[in-house]
Amino acid sequence: ITLLIVYIVPKYFKAIPAPLIAIILLTTIYMVTGSNVRTVGDLGAITRAFPNFLIPQVPFNLETLAIILPYSLSMAIVGLVESLLTAKIVDEATDSHSNKNKESRGQGIANIITGLFGGMGGCAMIGQSVINVKSGATSRLSTFTAGVFLLILILLLGGVVVQIPMPILAGIMVMVSISTFDWKSFKYVKQAPRTDAVVMILTVVIVLFTHNLAIGVIVGVIFSSLFFATKISNVHVHQTIENHFYKYAFTGQIFFVSIDSMMNQLDFSIENSQIELDFTHAHLWDDSAVNAIDSMVKKFEDKNNTVFVKQLNTDSRKIISELSQLNETHLT
C-alpha cells in the first residue's frame with residue numbers, strides 16, 4: 001500500500017509529500033486495527049530529551065587511537081563518498097552548483113560537535129535528499145527545517161513516532177531506491193571502456209558481499225589507478241634514419257611503468273653515428289624515467305655514438321638537471 005501511495009499520489013496531488021501521507025494514513029490504520037507488525041519502537045528506545053555535552057571517558061593515548069582509527073577512516077571514506085555523490089545528484093536535480101569542499105568541511109565540523117553530545121557520525125543521505133528535492137524543497141533552509149522538525153518530533157511526539165510501522169518506512173525507501181537508481185548504468189556497462197566497466201562492477205560486487213562501502217571504494221580506486229597507469233604506460237617511439245643520423249621521437253608519459261615499453265623500441269646495436277632523442281611530445285615524471293634516459297644515452301655512447309637529448313619541456317628539464325648524470329653537451 002505504501003508503494004502504491006508513493007507512486008500514484010504525486011501524479012494527482014503534490015501539496016503534501018506522498019511519503020508523509022503514507023506515514024500518517026497507514027500509521028493511523030495500524031493504531032486503530034492493532035496489526036501485528038514491527039514498529040520504530042521495536043528497534044530501540046527514543047529518549048525524549050535534549051542531549052548533554054560530554055567528553056568520552058576513555059584514555060587519550062595511542063592505544064585508544066589504534067582501536068578507533070580503522071573505524072574512523074572507514075566512516076570518513078563512506079561519509080565523504082556518499083556526501084559527494086548526494087551533492088552531485090542534488091546539483092543535477094536542482095540545476096545548481098555546490099561547493100564540495102565547503103560541504104565536506106561543514107560535515108566534518110558538525111560530526112565533531114555531534115560527537116561531543118553523544119551523537120553518531122553522519123553524512124549527506126541520498127534517500128532523504130532525493131525525497132526532500134522531489135517534495136519541492138530545493139534550498140538550504142530545507143535542511144535546517146528537516147532537523148528542527150525531527151527534533152520536535154522526538155521531543156513532543158516521541159510516543160507517536162515509536163508506533164510508526166517499519167514496513168511503511170521500508171516501502172518509502174524502496175521507492176527512493178528505484179527513483180535514484182541510474183538505469184542508464186546497464187547501457188553504460190555495455191558501451192563503456194572495458195576497464196571502466198570492470199571497476200564499476202567490481203566495486204558494486206564487493207560492497208554487496210562485504211556490506212562495507214569503504215572496502216568497495218578503496219578496491220575500486222586501486223584498480224582504477226592500476227588501469228589508468230597501464231593505459232598511459234604505452235610510449236610510442238618513432239625512428240627516422242638519414243646518412244648515419246638517427247632520430248628517435250618519443251610520444252607519451254615516461255615513468256616507472258612505461259620504461260620497458262620505451263626501451264624495447266630502441267635499437268642499441270647502432271654504431272659510429274649521431275643519435276637525437278626528441279622529447280617534444282613526451283613528459284618525464286619520476287627518477288625511473290631519468291635513470292632510463294641516462295641508461296639509453298650510456299648504451300648508445302658505449303657503441304661510439306654521439307647522443308643529443310632535445311626538446312625537453314620545462315618540468316622534464318628540471319628533473320633531469322636535479323637527478324640525471326647527463327652533462328650540458330647532451331642537452332640541446
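## Aromatic pairs in the model

F53 is exposed, with a relative accessible area of 53%. Since this is a predicted model, let's treat what follows as a reading of that prediction. F117, at 36% relative accessibility, is partly exposed.

How many aromatic pairs are there? Taking ring centres within 6.5 Å as the cut-off, the count is six aromatic pairs. One of them joins F53 and F117 in an edge-to-face arrangement, with 5.7 Å from centre to centre and 75 degrees between the planes. This pair connects distant parts of the chain, 64 residues apart: F53 sits in the loop between α3 (40–43) and α4 (62–94), and F117 in the loop between α5 (100–115) and α6 (126–134).

F268 and F300 make another pair, this one tilted, at 5.0 Å centre to centre and 40 degrees between the planes. Distant parts of the chain are linked here too, 32 residues apart: F268 belongs to the loop between α12 (259–263) and β3 (274–284), while F300 is in helix α13 (residues 287–301).

Here are the two pairs side by side:

| Pair | Centre to centre | Angle between planes | Arrangement |
|---|---|---|---|
| F53 and F117 | 5.7 Å | 75 degrees | edge-to-face |
| F268 and F300 | 5.0 Å | 40 degrees | tilted |

Are F268 and F300 buried or exposed? Both F268 and F300 are buried. They also belong to a cluster, in which ring pairs link them with Y248. F268 has a charged neighbour as well: K299 lies over the face of its ring, 4.9 Å from the ring centre.

Terms used. Residues are numbered from 1 along each chain as its sequence is written. This is a predicted model: local features need pLDDT of at least 70, side-chain atom pairs count only at pLDDT 80 or more; totals for chains, interfaces and linings use all residues. Side-chain values use heavy atoms; hydrogens and water are left out. Rings of Phe, Tyr and Trp (its six-membered ring) pair if their centres lie within 6.5 Å; planes under 30 degrees apart count as stacked, over 60 as edge-to-face and the rest as tilted. Helices (H or I, at least four residues) and strands (E, at least two) are DSSP runs, numbered from the N terminus. Buried means under 20% relative accessible area, exposed over 50%, partly exposed in between (1.4 Å probe, protein chains only). A charge sits over a ring if NZ of Lys or CZ of Arg is within 6 Å of the ring centre and within 35 degrees of the ring normal.
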